[in-house]
Amino acid sequence: PEAAEIVLRDFYMDDGMSGADTVQQAIKICKDLKELLGKAKLPLRKFISNSAEVLESLPEGDREIKLPMEINIDHNIKTLGIRYEPTTDTFKFKVKLDEITNPPTKRDMLSETASLFDPLGWLAPVVIRAKIMFQDLWKAGLDWKQELPKNIADVWLEFRNELHMLEEVKIDRWVHFKPEAKKVELHGFCDASEKAYAAVIYARVLDQDDSIHVTMLTSK
């Protein structure tokens, strides 16, 4: 029953992302999911976990990475459009932009902005700058293949040259929730300016020892 609930709740297209409170529970979930979906001739593979013990419980051919786990570029797993680093249990971003050979156009700006895939809005404070610039292009009435006006092109190129710094951003996967936590709260904030509006939601977890952990969940 638990595996069936995970299939319904924690799968997006052909990627499944779930978790457990203990290693033993995670091992059982992997085993049950393989058995359940195997009955439908849907063999699960490319398992990844932040626990080497969980991976060791699976056949080597079903693992996405080899053991022992080490921090290197090969252990950054792409899932749902973002990168997951199991050794640090964090999400990261990969910025890949082609070398500029011609003056940027409206189409170029939109294409490169859309390449910053960020389903949970973790990069919203950055992406919104590009969206505001793009809005200015609509006001200027530019055609898709028309070169950007110099004032906008200069701002765009400066912004574009800084995008590689997003690869330094790391987002913790775990929000520090445990079944024995004293309290779990969701805190939401919103604000607006003349150019944009935004909302963000944080999780605030109070541990048994009264330590507090705050993690950003999503923003838009």
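This is a predicted model: local features need pLDDT of at least 70, side-chain atom pairs count only at pLDDT 80 or more; totals for chains, interfaces and linings use all residues.
**Entry 1**

I began with the strands and found three of them in an open sheet, ordered E7-E8-E9, with antiparallel pairing. Strand E7, residues 183-192, and strand E9, residues 212-219, are the edge strands, and because each has a single partner strand, one side of each is left without a neighbour in the sheet. From one strand to the next I noted an average twist of 25°.

I then looked up how strand E8, which covers residues 197-206, is joined to E9, and recorded seven bridges in the antiparallel sense. Two of the partners I wrote down by name: Ile201 is bridged to Thr218 of E9, and Tyr202 has Met216 of E9 as its bridge partner. As a reminder to myself when reading such neighbours along a strand, side chains in a regular strand alternate between the two faces of the sheet.

Between E8 and E9 the hairpin has five residues, and there I marked Asp210 for its positive phi near 70°.

**Entry 2: helices H1 and H2**

I next turned to helix H1, residues 2-9, and helix H2, residues 23-38, whose axes lie 9 Å apart and meet at an angle of about 75°.

Which residues make the contact? On the H1 side I listed Glu2, Ala3, Ala4, Ile6 and Val7, and on the H2 side Ile29, Asp32, Leu33, Leu36 and Leu37. Sorted by class, the contact of H1 with H2 comprises eight nonpolar residues and two charged ones, with no polar residue.

**Entry 3: the second largest pocket**

Last, I looked up the second largest pocket, which holds about 770 Å³ of space. Its lining has 28 residues, and those that lie nearest the centre of the pocket are Ala124, Ile128, Lys131, Tyr197 and Lys220.

Which element gives the most to the lining of the second largest pocket? I found that H5 does, with nine residues. By class, I recorded the lining of this pocket as 19 nonpolar, four polar and five charged residues.

Notes:
Residues are numbered from 1 along each chain as its sequence is written. Side-chain values use heavy atoms; hydrogens and water are left out. Two strands pair if DSSP finds at least two bridges between them. Helices (H or I, at least four residues) and strands (E, at least two) are DSSP runs, numbered from the N terminus. Axes are lines fitted to C-alpha atoms, for helices over the stretch in contact, and angles run from 0 to 180 degrees between N-to-C directions. Contact means heavy atoms within 4.5 Å. Ala, Val, Leu, Ile, Met, Phe, Trp, Tyr, Cys and Pro count as nonpolar, Asp, Glu, Lys and Arg as charged, and the others, Gly among them, as polar. On a 1 Å grid over the protein atoms alone, a cavity is a set of points where a 1.4 Å probe fits but cannot get out, and a pocket is an open set with protein on both sides within 12 Å along at least five of seven lines; lining residues have an atom within 4 Å of a point. Grid points are joined across faces, edges and corners, and a volume is the space filled by probe spheres set on the points.
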